Amino acid sequence: MGSTVSVILGLVLAVLVLVLFTVKLKIHPFFALIATSATFAIVAGMNMQDMLSAFTSGMGGTIADIGLVIALGTVTGTLLEKSGAAETMAKTILKITGKKHAALGLAITGYFVSIPVFCDSAFVLLSPIARRLSKDTKISMTTMAISLAMGLHATHMFVPPTPGPLAVAGILNADLGMVILFGAVVSIPVMLVGYFASLAAGKKYYYIPEDDSDVTEEEDENAKLPSALASFLPILVPILLMLLKTVGDMIASENILLSILNVIGTPAVALLIGMLIAAYTYHNIHPEDKTAWSFDGLVADSLKTAGQIVLIVGAGGAFGGVLKASAMQSVLTDAFSGLTIGILAPFLIGFIFRTCVGSATIAMVTAATMITPLIDVLGFSSPMGRVIAMLACAAGGMMVFHGNDDFFWVTTTTSKMDTSVAYKTIPIISVLQSLTALVVVFVLSLIFLH
């Protein structure tokens with residue numbers, strides 16, 4: 001199976017291959033992860049037949065667990081985006097916070113909208129509102145843009161059905177209801193740190209966007225938007241159903257209501273219900289769109305995105321399968337025995353990969369994959385331990401958010417922020433968010449794991 005030296009060398013080279021392929025050569029993460037798995041297996045001296053078997057079973061198991069959930073979550077996000085529900089959510093929250101606290105309103109909007117909708121598309125969708133508010137209130141666009149981006153960043157990292165946290169929960173076999181509940185809790189201080197830091201950044205780098213969107217503002221005013229209830233339901237209903245299932249699982253008794261909850265609270269079923277609510281809302285807003293569910297329609301486009309994510313996550317699971325089948329587990333168990341490294345292991349792996357590779361999803365998936373064989377050694381074997389491990393992977397995956405991440409450029413270009421200003425603010429604030437998350441996760445581990 002390979003000596004200690006060859007296993008450790010294989011792990012180091014595998015990480016280097018992953019970084020080289022994704023950062024330098026710009027090769028798709030799916031193929032980069034295949035090359036990474038092969039590199040590790042060859043250098044660690046694994047039998048090739050064993051490696052192929054571990055790879056396919058690791059990939060199959062991961063996709064079986066979360067493939068459907070990612071597809072349903074992605075379609076729901078697209079329906080919410082195209083129906084105008086995300087915009088309604090923004091306007092509803094801003095009515096509550098008022099213009100004086102508009103930046104906080106944007107951060108809270110980002111917190112909710114990023115649960116079902118991808119960061120990039122959510123920012124593009126909501127940036128006209130941020131620009132208009134900046135002009136109306138004379139609050140710096142730097143504050144508005146960063147507050148919105150960091151609000152989106154918070155739940156994007158911690159709360160399923162966003163693909164990253166969903167994938168990590170699947171890989172670590174963590175209870176999804178608990179992950180949603182604790183992920184939402186950790187995201188609150190993380191979002192607030194982003195908001196307060198955006199206020200400081202806005203004072204230092206003050207600018208108001210130029211008047212370039214009068215026509216679209218008028219069009220926006222006349223556009224038909226769904227109600228607040230219709231907009232929030234596709235997110236809130238699945239989350240509530242999954243949480244109820246988690247509570248139901250803790251109750252030992254058997255009755256028909258708990259049996260029903262057990263079925264409809266299953267992630268795939270809960271998300272399917274959310275998607276159907278979003279589809280109904282979309283149909284009410286755009287009854288003229290008869291091709292939304294066709295092979296060339298709106299849903300087909302979002303399934304193309306979902307397919308890529310499922311394959312990347314599947315390849316991450318396959319790499320995990322190869323690691324588990326190797327001698328790495330026993331090598332690292334010997335190395336870590338007696339060390340109380342705990343949450344720092346997933347945090348550091350996530351941090352290294354986010355900084356080097358740029359993709360939060362890849363960072364989290366890689367961290368989860370690498371610590372899965374060490375769940376017992378690191379003290380995460382209990383159900384709550386797995387939730388804490390997932391949160392630690394996400395906390396590490398938050399930093400450093402800079403120019404190798406598409407979302408960095410979406411934020412910068414859409415808000416017309418100077419690139420030098422973006423580089424002086426966004427990476428630093430992401431580090432503050434990450435460290436805040438680490439502290440919160442550490443406190444949770446003290447409460448629940450000791």
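Mentor: A helix here is a DSSP run of H or I with at least four residues, and helices are numbered from the N terminus. The model is predicted. With that definition, Lys416 sits in the loop between helix 19 and helix 20.

Trainee: Why is Lys416 called partly exposed?

Mentor: Exposed needs over 50% relative accessible area, and buried means under 20%. Lys416 has 48%, so it is partly exposed.

Trainee: Which class does Lys138 fall in, buried or exposed?

Mentor: The value for Lys138 is 53%. The cut-off is over 50%, so Lys138 is exposed. Lys138 also has a positive phi, about 60 degrees, without being a glycine. Its place is the loop between helix 6 (119–137) and helix 7 (141–158).

Trainee: Why is Ile447 called exposed?

Mentor: Its relative accessible area is 55%, and the cut-off is over 50%, so the label holds. Ile447 lies in helix 20, residues 419–448.

Trainee: What makes Ile447 part of a surface patch?

Mentor: A nonpolar patch joins side chains such as Val, Leu, Ile and Phe within 5 Å, from residues with over 30% relative accessible area and no salt bridge. Ile447 has 55%, so it clears that area cut-off. The patch holds Val439, Phe442, Val443, Leu446, Ile447 and Phe448. Together they have about 550 Å² of accessible area.

Trainee: Which residues touch the most other members in the largest nonpolar core?

Mentor: Phe40, Phe158, Leu172 and Leu391, out of 148 residues. Membership requires being buried, under 20%, so each of the four meets that cut-off. Beyond its sequence neighbours within four places, Leu172 is in contact with residues including Ala368, Ile371, Arg386 and Cys393. In soluble globular proteins, nonpolar side chains tend to be buried together.

Trainee: How many helices and strands does the chain have?

Mentor: There are 20 helices and 0 strands. The radius of gyration is 22 Å, close to the 22 Å from the globule rule for 450 residues, so the chain is as compact as a globular protein of that length. Of its 450 residues, 57% count as buried.

Key. Residues numbered from 1 in each chain as written. Predicted model: local features only at pLDDT ≥ 70, side-chain atom pairs only at ≥ 80, totals over all residues. Heavy atoms only, no water. Patch = residues over 30% accessible without salt bridge, like charges linked within 9 Å, V, L, I, M, F, W, Y side chains within 5 Å. Areas by Shrake-Rupley, 256 points an atom, 1.4 Å probe, with all protein chains shown as cover. Salt bridge = Lys/Arg side-chain N within 4 Å of Asp/Glu carboxyl O. Helix = DSSP H or I, 4+ residues; strand = E, 2+ residues; numbered from the N terminus. Buried < 20%, exposed > 50% of the residue type's maximum accessible area, 1.4 Å probe, protein only. Core = buried A, V, L, I, M, F, W, Y, C linked by side-chain atoms within 4.5 Å. Contact = heavy atoms within 4.5 Å. Rg over C-alpha atoms; globule rule 2.2 N^0.38 Å.
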